[in-house]
Amino acid sequence: VRALPGLRWASVAAACATMKATLVGITVVCATSFLVFFSYMSMQNLESSLRPGTGTTAVGVLYFAIICGTPLAPKVINALGRKRALVLSACTYVAFIASNLYPVWQVMMPAAVVLGLGGAIFWPTTLSLIKHFSVKHAEAVGGDKSKCLDRFSSAFWGSFQFSQLAGSVMIYLIFQGKDDKGGGGAVERAADLLAVIFTICASVGCLLASLFLEDVDRKKGGKEGGAALADEQQLQGDEGDENGGEGGENSQVDLKFAVRLITSPRSLLMLGVYFYNGLEQGFAWCDFTSGMVLATFGDKAMIGILMLCYAGANAITGSLSAQVSSSRRMTRGLIFYAIASQSACVLLVHLLLDKKKAPLYLVAVVLGAGDALLNTKIGLLIGTDFKGKQHVITVSIWRGVTAAGCAIPFFLSGHAGIATDIAMLVGAGAAAVVLFMGYCTRAIKQEEVESGEQYQPILDDD
């Protein structure tokens, strides 16, 4: 009996240590993402206006490479462990940003391929770490895991979008008053200065993750990397673990499991939302900046101002979304709202208020807020509906299909008019809504079945 207080204090100390480790972990993930995407997103937003040929094609190749690398991402993450996978993939962003210092085809295309393969690893790794830290934190405090995942996801996406906010300010400050009308090359020098600053910042982000991120896949008993990650997936309820195995047999089973998951009705019905998520990002970063902002204002510095509005709305919405109910019904409803509001706003402004300056600020805000809702709520929905190994594979599918949608505006930059770009956005939004309605219908029926099974023993006892 006397030992009980000691055991109680030991458990409290262990819970406090876990809480501290998870908070440090999510902070490092957010800080790393902030520094990397503060640099990368800012350079990407300028490609369509500074380098409409080589730069936009490189970004398109980048997202195509993400698609190609997506099937390999779970294997690489398992082999390296999530910490090393995050550091390695973050370094590929540094390589692409640095390639803008010598923006020729022979340099930017290989860098784009390298980043594409790294980006395919970065996103599943990051979102898996967020889920890992949220689950551990919820267990330590005795809280709701879904709500904790929503808060951690919102913190990540808030930092992600705050990076765009800071990057937009940087773009405006560097390019303010710069033009090449006198033939002095002021714009090119400003672009080179930005590339140097952003390369340094992204490198600091990689160093931060390397030094301070916990190696969550290193377990006691000598297990690390894929073995430790597999153990954690099993604890989280991996439906595919009953098909265990070792070596080549396990690889074959994993491939069959992945194919079965990808071709399942619920995965196929989510593809429309994934694709639209990428298309609306590509539209904002490429078509909106060059086809609407630059065409209306005629000043590259205004790209920074409008993207500042976009990033500000995104960051604020991402932070506030954590305060909203994390129920499945609310999550699905916000995804519908984001798609409808973005599509309707862009279409109406183009049809009724074309070439007007003031409405573009509204478009920027709506695009930013909608993107924040999609990123946070799709991530929450996947974290809730897909467990263990399913979660890693589904995140890879999400980021791969999103990359395909994002690549299209960059490939079509300079070849299609803004009217065509808007028509694609609205059409993709309508298709996404229809498919997602099918997903929600199936999910609601499944929840009703599970609820009935849960209460069946009570009815039997009566």
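A disulfide is a pair of cysteine sulfur atoms within 2.5 Å. With that cut-off, a search of the whole structure you have open finds zero disulfides.

Before you start selecting, a word on the model. It is a predicted one, in which local features need pLDDT of at least 70 and side-chain atom pairs count only at pLDDT 80 or more, while totals for chains, interfaces and linings use all residues. Residues are numbered from 1 along each chain as its sequence is written, and side-chain values use heavy atoms, with hydrogens and water left out.

Stop 1: Select cysteine 286 and cysteine 406. Cysteine 286 is in no disulfide, and the nearest cysteine sulfur, that of cysteine 406, is 8.9 Å away. Cysteine 406 is likewise in no disulfide, its nearest cysteine sulfur being that of cysteine 286. Cysteine 286 has 0% relative accessibility and so counts as buried; buried means under 20% relative accessible area, exposed over 50%, and partly exposed in between, with a 1.4 Å probe and protein chains only. Cysteine 406 is buried too, at 1%.

**Stop 2: the whole fold.** Zoom out and colour by secondary structure. The protein has 15 helices and zero strands. Both are DSSP runs numbered from the N terminus: helices are H or I with at least four residues, strands E with at least two. Of the 462 residues, 52% count as buried. Now think of contacts, meaning heavy atoms within 4.5 Å. Among the contacts with a separation of 6 or more, 83% come from residues 24 or more positions apart.

**Stop 3: α4 against α5.** Select residues 82-99 (α4) and 105-141 (α5). The two helices pack at about 145°, with their axes 7 Å apart. Here axes are lines fitted to C-alpha atoms, for helices over the stretch in contact, and angles run from 0 to 180 degrees between N-to-C directions. The residues of this contact divide into 16 nonpolar, nine polar and one charged. In that count Ala, Val, Leu, Ile, Met, Phe, Trp, Tyr, Cys and Pro are nonpolar, Asp, Glu, Lys and Arg are charged, and the others, Gly among them, are polar.

**Stop 4: alanine 284.** Move to helix α10, residues 265-297, and pick alanine 284. This alanine is buried, with a relative accessible area of 0%. Leaving aside neighbours within four places in sequence, alanine 284 is in contact with Thr289, Met307, Tyr310 and Leu367.

**Stop 5: aspartate 385.** Next comes helix α13, residues 358-385, where you will find aspartate 385. Its relative accessible area is 13%, so aspartate 385 is buried. Which residues does it touch, not counting those up to four places away in sequence? Show Arg266, Arg328, Gln390 and Tyr439. With tyrosine 439, the side chain of aspartate 385 makes a polar contact of 2.6 Å. A polar contact is a pair of N or O atoms within 3.5 Å; within protein, one must be able to donate a hydrogen and the other to accept it, and residues adjacent in sequence count only if both atoms are side-chain atoms.

**Stop 6: lysine 355.** Finish in the loop between α12 (328-352) and α13, at lysine 355. Most residues other than glycine have a negative phi. Lysine 355, however, has a positive phi, near 70°. Lysine 355 is exposed, with a relative accessible area of 51%.
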